[in-house]
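Q: I have a model open and would like to learn how to read it feature by feature. Could you walk me through some of them?

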Amino acid sequence: MTILFTHQSCLLHDVPAGHPENPARLKILESAFATDEFKCLDRRDAPLGKIESIALMHSQSYIEDVTKVISEKEFVYLDADTSLSPGSGEAALRGCGAVCAAVDAVMTDDAKNVFCAVRPPGHHAETRIAMGFCLFNNVAIGAAYARERFKIDRVAVVDFDVHHGNGTQEMFWSQPNLLYASTHQMPLFPGTGAATEIGDYNNIVNVPLSAGAGSFEFRAAFNQIILPELKRFKPELLIISAGFDAHANDPLAQLNLYEDDYAWVTLELLSIAEKYSESRVVSVLEGGYNLDALRSSASIHVRQLMSV
């Protein structure tokens, strides 16, 4: 069974006019998952995340700084791309709560896998810095929560968003039992993600792709580097930073992936999870800014999750 965690409060994280990371992204996924082919999804409201769970990866001072500057009337800018609105606090807490609840579900055999349709995204958020549309790093919090709550040893995060997850990398850098593996366009925001960035314990695996790269390069990156590293690492839980902005139609980058590439990589990761993680997979929405491409790509991703 596949669970879908989301919450209407995630629509209340408002952004300035014209911002690509806007509530329409979740609305398009709501409409996609309302169709008959997804009627077997177990739909659940994302709970509020707990501050003590967020503090497993973010500093207490950072958490306090973010929450205290949320305005009741207007936007507060944390950087040129990242802002807070009156609804941002609850939206961010629901995102963290969704991922922790997803971990609970797969670790207790309540579900084989989970998709968390939440916003704002998270993989750019560092221990003490919000950036790149991100406030709290949902996948990193989920990994730390899994180790804290269920005493498992090895957790892997695989990130196929077109932008490098600098926040996840920073949080995992010195933790030997956390693996971060990423394909991403480079050069591109945030400027990190070189293949030479390997972490203190060879636990960071970056496979940068050049602008214009497509299916061949993407699949080679997984077949030749990322999948072998996952097999070596033997994760007890697999978390996916599921960004769909490497799609050829996305306006923020220049990779050329299509829906069948997302279907392929999802099935490859499910195969890894079946072998090493008792099929436990938590997938979390990151980027994807062409609404039609986001809808079709996320749909095929979740369809594959439901197939096991």
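This is a predicted model: local features need pLDDT of at least 70, side-chain atom pairs count only at pLDDT 80 or more; totals for chains, interfaces and linings use all residues.

Q: At what angle do α4 and α5 pack, and how far apart are their axes?
A: Helix α4 (residues 88-107) packs against helix α5 (residues 138-150) at about 40 degrees, and the axes are 9 Å apart. The pair is therefore oblique, and the crossing is right-handed.

Q: Which residues of α4 and α5 meet there?
A: On the α4 side you'll find Ala92, Gly95, Cys96, Val99, Cys100, Val103, Asp104 and Met107; on the α5 side, Asn138, Ile141, Gly142, Tyr145, Ala146, Arg149 and Phe150. By type, the residues of this contact are ten nonpolar, three polar and two charged.

Q: Now single residues. Is His184 buried or exposed?
A: Under 20% relative accessible area counts as buried. His184 has 0%, so it is buried. This residue belongs to strand β7 (residues 178-185). Its side chain reaches the backbone oxygen of Gly193 at 2.8 Å. Beyond its sequence neighbours within four places, His184 has contacts including Asp161, His163, Asn206 and Leu255.

Q: And where does Glu286 sit?
A: Look in the loop between β10 (281-285) and α9 (291-306). With a relative accessible area of 1%, Glu286 is buried too. Its side chain makes a polar contact of 2.8 Å with that of Ser241. Leaving aside neighbours within four places in sequence, Glu286 also touches Arg25, His123 and Asp161, among others. Phe133 is 153 residues away from Glu286 in sequence, yet their C-alpha atoms are 9.9 Å apart.

Q: What should I look for in the backbone itself?
A: Most residues other than glycine have a negative phi, and most peptide bonds are trans. So check for the exceptions. Asp109, in the loop between α4 and β5, has a positive phi of about 65 degrees. Phe133, in the loop between β5 and α5, has a phi near 75 degrees.

Q: Which of these is buried, and which exposed?
A: Asp109 is exposed, at 63% relative accessibility, whereas Phe133 is buried, at 13%.

Q: Where are the cis peptide bonds?
A: One runs from Arg119 to Pro120, with omega near 5 degrees; Pro120 is in the loop between β5 (113-116) and α5. Another joins Met186 and Pro187, with omega about 5 degrees, and Pro187 lies in the loop between β7 and β8 (204-209).

Conventions: Residues are numbered from 1 along each chain as its sequence is written. Side-chain values use heavy atoms; hydrogens and water are left out. Helices (H or I, at least four residues) and strands (E, at least two) are DSSP runs, numbered from the N terminus. Buried means under 20% relative accessible area, exposed over 50%, partly exposed in between (1.4 Å probe, protein chains only). A polar contact is a pair of N or O atoms within 3.5 Å; within protein, one must be able to donate a hydrogen and the other to accept it, and residues adjacent in sequence count only if both atoms are side-chain atoms. Contact means heavy atoms within 4.5 Å. Axes are lines fitted to C-alpha atoms, for helices over the stretch in contact, and angles run from 0 to 180 degrees between N-to-C directions. Angles under 35 degrees count as roughly parallel, over 145 as roughly antiparallel, 65 to 115 as roughly perpendicular and the rest as oblique. A crossing is left-handed if the near helix is turned anticlockwise from the far one by less than a right angle, and right-handed if clockwise. Ala, Val, Leu, Ile, Met, Phe, Trp, Tyr, Cys and Pro count as nonpolar, Asp, Glu, Lys and Arg as charged, and the others, Gly among them, as polar.
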